[in-house]
Structures are given as structure tokens and as C-alpha cells.
Amino acid sequence: MLLIGIVAINTPAFFTVENFRNILLNISILVIVALGQTMVIITRGIDLSVSAIIGLVAMMVSFAVVSFPAVSPALAILLGMLLGAILGSFNGLIITAGKVPPIIATLGTLSIYRGMVFLYSGGTWINSFEMPDSYRALAKAAPLGIPNIILFAVVVAVIVYIFLNHTRPGRDIYAVGSNPDAANVSGIPVQRTIFMVYVISGLLAGLAAVLWASRFESAQTNTALGFELQTVAASVVGGVNIFGGSGTVIGVILGAFLLGTIENALILVRISPF
């Protein structure tokens, strides 16, 4: 609130409904991916491959809808989530079955998935004019007066909140992060829980990939480059313990909002990006 007040005094355009709408638009994808990252961090892990998953899935789904324009947006979303879950499960297998530390495993798959973007696309891009109108409108249409991309973020946040706080697998995530040995002794499937959070992280990154391509009306070889650090920052700034065991959905949303507010404010007060 202090940051908002200071910027609003110096830049009246900041404290407007339209500007806050822009901030929400900008952080919607971050919220979706950061919630998946949060579950991974709670289990004492980290997923550095989310940005590469977004780039690869965005490219693959965009090629699919360009090749088959009749594909419905709903099917594109399901395809993106399926591809993301598959890529996330690969991370989970390396970490659980291969016993590779998460930071090493996902750093490796980050490079692999980013390389696959170039391999799959041949270095070409999918441009706006090639995409069907329904696909381009998926993220930006506002039949209820609120852009769909914001509604997607809200729905994902509600589902993740219920999952973490009102289901057994969700509580298992906290237990594994708090004390893996105690969780194992108490009968919690530790390895299965760790595998699950990487699948969920990949699934949400896959959803974000479709929304990213739709919102920016393109799929490029550098899509979401470096985005993984923003998801970690949103989680940690939002109160998620980097050593595992604690974190809340509300905190992650506030963390993402703070990052979005700072980025927006820097532009409005005309601070050089350099």
C-alpha cells in the first residue's frame, strides 16, 4: 500500500481502474505458474524448467491450431495442459526415480526443452495473422466484462487453494516439505507426492503457455525466456518458505501483485529500463 501511495502521488495515472486492470492482465499468467512453483517449493524443490515448458508448449499448440484452424479453444487448452503435464512428469521421474537434486534436474530439462523449441519449430515463429480468431480471442475476450485470462487465474487460484487446504494430497505436500522423514514414517507417499507436484507445475505451465500465445498472438523461440525467476520471486516474496513446509495461495497472489505493481510503476515514472 505504501508503494501504491507513493507512486499514485507522483503519477496520478497509476491510481486508475484501467491501470490496475493492466496490472492484473500482466500478472495473471505469473499467478498461474507461480502457484505450481509454490507447490514444488513447499516440498523443498524448485522447478527451473517452467519457462522452457511454456515456450515449448506454446509453440506446439500454436502449430497445431494453425494446421487445424477448426480446433476449438477448449481443446487447445486441454492439449496444452496435457503436454505440460507430460513434460512435468519427466522432471518428476528424474527427481524421484533418478534421485537427481531438483535444481540440477530442472536446470537440465530447461536446456533440453528450450532446445526442443528450436528443433520443433526449425527456428520459425507463429505470427498473429496465422492464428485463428478464436484462438487469439481466448485470453483477451471479456464476455463477463473481465478478460478471460484474469478469470483463468482466479479459477486456478481457487482450485489450488481448495486442493492445498482441503484435500489429503494437498496436506501431504506440506507434510513432505516440513519433514520428509517424519512424513515417510507416518505413511505419506513422499516420492509420489514429489512426483505429483512436478506434474501439476508442468500442467499449469502448459495452461499458461496457451494463454501466453493467445494474449501476445505469437509463438516465438524465446517465449517466456527467464520467466522461471519471476515465478520463484513471486512465491518467495509472497511468503513461501524456500526451505519448504509453508506457503499460502493468498501470499503468492500478493507477491505476484507486488512484482506487477513495481514493474508497472517503473514504466509510469519513466525510469530507464537500463
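1. Helices (H or I, at least four residues) and strands (E, at least two) are DSSP runs, numbered from the N terminus. On this basis the chain has twelve helices and zero strands, and Ser235 is found in one of these helices, H11. The model is a predicted one, in which local features need pLDDT of at least 70 and side-chain atom pairs count only at pLDDT 80 or more, while totals for chains, interfaces and linings use all residues. Residues are numbered from 1 along each chain as its sequence is written, and side-chain values use heavy atoms, with hydrogens and water left out.

2. The overall form of the chain may be considered next. Read along the sequence, the pattern is α-α-α-α-α-α-α-α-α-α-α-α. The radius of gyration is taken over C-alpha atoms, and the globule rule is 2.2 Å times the number of residues to the power 0.38. The radius of gyration of the chain is 19 Å, close to the 19 Å given by the rule for 274 residues, so the chain is as compact as a globular protein of that length. Along the principal axes, the C-alpha atoms fill a box of roughly 55 × 50 × 40 Å.

3. Burial and contacts require two definitions. Buried means under 20% relative accessible area, exposed over 50%, and partly exposed in between (1.4 Å probe, protein chains only); contact means heavy atoms within 4.5 Å. Of the 274 residues in the chain, 49% are buried. Among the contacts with a separation of 6 or more, 78% are between residues 24 or more positions apart.

4. Ser235 illustrates a buried position. Its relative accessible area is 0%. A polar contact is a pair of N or O atoms within 3.5 Å; within protein, one must be able to donate a hydrogen and the other to accept it, and residues adjacent in sequence count only if both atoms are side-chain atoms. A polar atom of the Ser235 side chain lies 3.0 Å from the backbone oxygen of Thr231. Leaving aside residues up to four places away in sequence, Ser235 touches Ala34, Gln37, Thr38, Ile41, Val240 and Val252.

5. The contacts of Ile54, not counting residues up to four places away in sequence, include Trp212 and Phe227.

6. Aromatic rings deserve a separate point. Rings of Phe, Tyr and Trp (its six-membered ring) pair if their centres lie within 6.5 Å; planes under 30 degrees apart count as stacked, over 60 as edge-to-face and the rest as tilted. By this rule there are four aromatic pairs. The rings of Trp212 and Phe216 are 5.4 Å apart at their centres with planes at 50°, so this pair is tilted. Both residues belong to helix H10 (residues 190-216), where being four residues apart separates them by about one helical turn. Trp212 is buried at 16% relative accessibility, whereas Phe216 is partly exposed at 42%.

7. Trp212 also pairs with Phe227 in an edge-to-face arrangement, with 5.3 Å between centres and 85° between planes. Since Trp212 lies in helix H10 and Phe227 in helix H11 (residues 227-237), the pair ties together parts that are 15 residues apart in sequence. Phe227 is buried at 7% relative accessibility.

8. Most residues other than glycine have a negative phi. Lys99, however, has a positive phi near 60°; it lies in the loop between helix H4 (73-96) and helix H5 (102-121) and is exposed, at 57% relative accessible area. Glu217 likewise has a positive phi, of about 55°, and is found in the loop between H10 and H11.
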